[in-house]
Structure formats: structure tokens, C-alpha cells
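I opened my notebook to look up how two chains are built and where they meet.

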Amino acid sequence: MVEFGEKMQDSEKDGFDPELEAMFEQELRATLQAGPAPDGFADRVLARVDALPRHEPLSWPLRAIRNPVVRGAIAAALLLSVGVGGYFEHKRERQIAGEHARQQVLLALRITSSTLQDVRSKVDGDTTNQQDAN
Amino acid sequence: MTRMKRWIAACRTGVLLGCGLLLTLPAIAQDVQPNFPVELDKKLAARASDVNEVTMNKTMLKFASQFLDSKDKDDAQAQRLIQNLNAIYVRSYEFSQPGQYTPEDLQTIRRQFLGPDWNPMVKVRSKKGEGDTDVYVKMVGNEVKGMFVLDAEPKELDMVYISGSIRPEDLKELSGSFGVPNLNLQKSPTKESK
């Protein structure tokens with residue numbers, strides 16, 4: 001390795017060196033070559049995994065909400081409830097407006113009726129007066 | 001060139017349509033617009049101690065008729081009466097003291113009904129001009145298409161304008177209905193009139 005380092009320093013001065021390239025390749029192979037795991041490595045890994053804090057299992061609503069079908073159903077239900085709510089609110093407002101309109105019509109006809117009654121009484125009074133004068 | 005001609009033709013059509021619409025609108029509006037002078041309305045309302053104003057056009061009447069209960073006597077009667085009407089405008093003013101409106105005010109109102117279609121049916125005049133009554137009927141052909149009632153009392157002024165087809169039986173039905181007792185006309189108090 002020291003030799004490789006020296007060669008590297010030399011090549012920086014001299015330029016491309018085929019010997020150096022071969023050496024580099026050899027070094028690289030040796031480094032990347034898979035070797036056996038150290039003794040007890042697997043046990044140590046498993047022990048550390050056991051030592052990690054365990055996650056509680058998800059409750060059923062959370063598990064259910066992760067389901068796309070359930071999500072779709074919830075979205076549809078929300079939309080439906082908004083729609084139904086809007087419809088009933090519109091119906092209620094229409095009912096109030098209708099009742100107001102009904103009251104207005106009845107009031108208008110009541111005043112008309114009363115006014116016509118006054119007119120009749122006046123006309124009748126006028127006629128009676130004329131008859132009395134005659 | 002063809003493009004120019006098309007453009008001119010389109011403009012001509014637009015102008016013709018616009019003119020047609022302008023000519024037609026007043027005719028349509030005439031039947032729907034109230035004949036109450038609005039400014040006088042406000043003036044009277046400001047002086048009155050109690051105001052009842054009802055303005056219902058055809059759309060509103062149609063809407064209201066959907067909510068009238070055909071099983072109820074008054075509602076059923078109202079439903080029958082308004083089915084051929086275009087509009088009802090009612091103005092009822094009650095004043096705390098006499099002299100809140102002038103004979104000129106009444107004349108301004110009457111002037112609205114001097115058109116050829118309007119016929120004065122009832123005309124009662126008091127000496128002081130505070131017990132006047134007018135009923136104008138709008139005749140189109142042989143049909144009654146509108147009615148205006150002006151009833152002036154010293155401390156009360158009522159105006160009713162009904163637009164639309166009114167049958168004589170409707171009028172008969174109207175008086176003495178809707179909680180208003182039918183007067184025994186033979187015993188009605190006589191009023192001083194000219």
C-alpha cells in the first residue's frame with residue numbers, strides 16, 4: 001500500500017503509468033473482495049434490533065384509513081353529506097321564503113278585502129244620502 | 001368585401017332586434033309595473049305611523065301559490081284569486097293625525113289612471129277631500145284586466161292595485177273574506193259626501 005502511494009506520487013509527476021494502473025486495479029479488487037463477516041456479527045445485529053423500541057400495532061381505524069377503498073368511501077360519504085345538507089338547507093330556506101310570500105299574499109288580499117268593504121259602505125252611504133235627499 | 005357585407009348585415013339585424021326589444025319592453029312592463037308613484041309612496045310612508053306595503057309580481061304570486069294550503073278556506077280562496085293575476089300592489093298608510101296627505105297628493109295618484117284603458121267605476125268625494133274613494137277598472141275588450149282602489153280616510157290612506165284578469169265573482173269573493181266581516185250594507189253608517 002505504501003508502495004502504491006509512492007508510485008502515485010511519482011505518476012503525478014511523470015504522467016500515465018501502466019504499472020501503476022495494474023497495481024491500482026489489484027488493490028481495488030482486494031479491497032472490494034467479499035470476505036466473511038466477523039465472528040458474532042449476526043448476533044450483535046439481532047441484539048441491537050431487539051434493543052430498538054417496538055412500534056405499537058396500528059389501531060383499526062388507522063389501519064382502515066390507509067385502505068384506498070375506505071378513503072374513497074369516506075370522501076364519497078362526506079360529499080354526500082354536504083350535498084344532502086345543502087339540499088335540506090335550501091329546502092328550509094325555500095320553505096321560509098314561501099311562507100313569507102304566502103303571508104304577504106294573504107295580507108294583500110286582506111287589505112284589498114277591507115278596502116273594498118270600505119268602498120262598498122261609502123257607496124252605499126252615498127246612495128242612501130241621495131235617496132234621503134230625494 | 002364579403003366579410004364587410006356580413007358585418008353590415010349583422011349590425012343591421014342587431015339594430016333591428018334592439019329597436020324591437022325597446023318597443024316591446026314598455027308594453028310588457030306596462031302590465032307588470034306598479035302604477036303607484038314611487039316618490040309619493042316614500043313621502044306618505046315617511047308621514048305615516050303605520051305602513052303596510054305589499055308588492056307581489058307574477059313570479060312571487062306563483063311562488064306563493066305553491067305554499068297556499070288548498071285545504072284551508074282562506075288559502076284556497078287566495079289560490080283561486082291569484083291564479084290569473086300578474087301583480088298585486090298594496091299600500092296602506094295609517095296616520096296619527098289628519099292632514100298628512102293633501103288633495104294634490106290624491107290627484108297625483110289619480111292621474112296615473114287617466115289612460116284610455118282605465119275607467120272610473122266608483123267616485124265618492126267628501127267635502128274636505130279626506131273621505132274620497134275611487135275605483136278604476138282597466139278594461140281590455142270585454143275583460144277586466146286590472147283594478148285600482150283608492151280609499152282615503154282622514155287618518156288612513158289605502159291603495160290597492162291589481163293587475164291581471166279579474167272576474168266579477170272574484171271581487172264579490174274578495175269583499176267579506178280573509179277575516180274581514182261582510183258588512184250589512186243596509187245598516188252601514190252614512191257618510192257625508194257631495
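My entries below go from ground rules to chains, sheet and core.

**Ground rules.** This is a predicted model, so I noted that local features need pLDDT of at least 70, that side-chain atom pairs count only at pLDDT 80 or more, and that totals for chains, interfaces and linings use all residues. Residues are numbered from 1 along each chain as its sequence is written, while chains are lettered from A and ligands numbered from 1 in the order in which they are written.

**Chain A.** I looked up the helices and strands first. Both are DSSP runs numbered from the N terminus: helices are H or I with at least four residues, strands are E with at least two. Chain A has five helices and zero strands. Its pattern along the sequence reads α-α-α-α-α. Next I checked burial. A residue is buried if 20 or more other C-beta atoms lie within 10 Å of its own, exposed if 12 or fewer, and partly exposed in between, with C-beta atoms placed from the backbone. In chain A, 14% of the 134 residues count as buried.

**Chain B.** I found six helices and six strands here. The pattern is α-α-β-α-α-β-α-β-β-β-β-α. Of its 194 residues, 27% count as buried. I then looked at contacts (C-beta atoms, placed from the backbone, within 7 Å). Among contacts in chain B with a separation of 6 or more, 59% join residues 24 or more positions apart.

**The sheet.** I asked myself in what order the strands of chain B form the sheet. Strands pair if DSSP finds at least two bridges between them. The open sheet of chain B runs β1-β2-β6-β5-β4-β3, with antiparallel pairing. Its edge strands are β1 (50–57) and β3 (118–124) of chain B, and each pairs on one side only. The twist averages 10° from one strand to the next. Angles run from 0 to 180 degrees between N-to-C directions, and axes are lines fitted to C-alpha atoms, for helices over the stretch in contact. Helix α3 (residues 58–65) of chain B packs on the sheet and touches β1 and β2 (85–94) of chain B. The direction of α3 makes about 90° with that of β1(B). I also followed β3(B): six bridges join it to the antiparallel β4 (residues 133–140) of chain B. There, Trp118(B) stands opposite Lys138(B).

**The core.** A nonpolar core is a set of buried Ala, Val, Leu, Ile, Met, Phe, Trp, Tyr and Cys residues joined through C-beta atoms within 7 Å. The largest one has 45 residues. Those with the most contacts inside it are Val105(A), Ala108(A), Met56(B), Ile88(B) and Val149(B). Helix α5 (residues 68–133) of chain A gives the largest share, nine residues. Leaving out residues up to four places away in sequence, Ala108(A) touches Val54(B), Met56(B), Ile88(B) and Val90(B).

Note on methods
Two residues are in contact if their C-beta atoms, placed from the backbone, lie within 7 Å.
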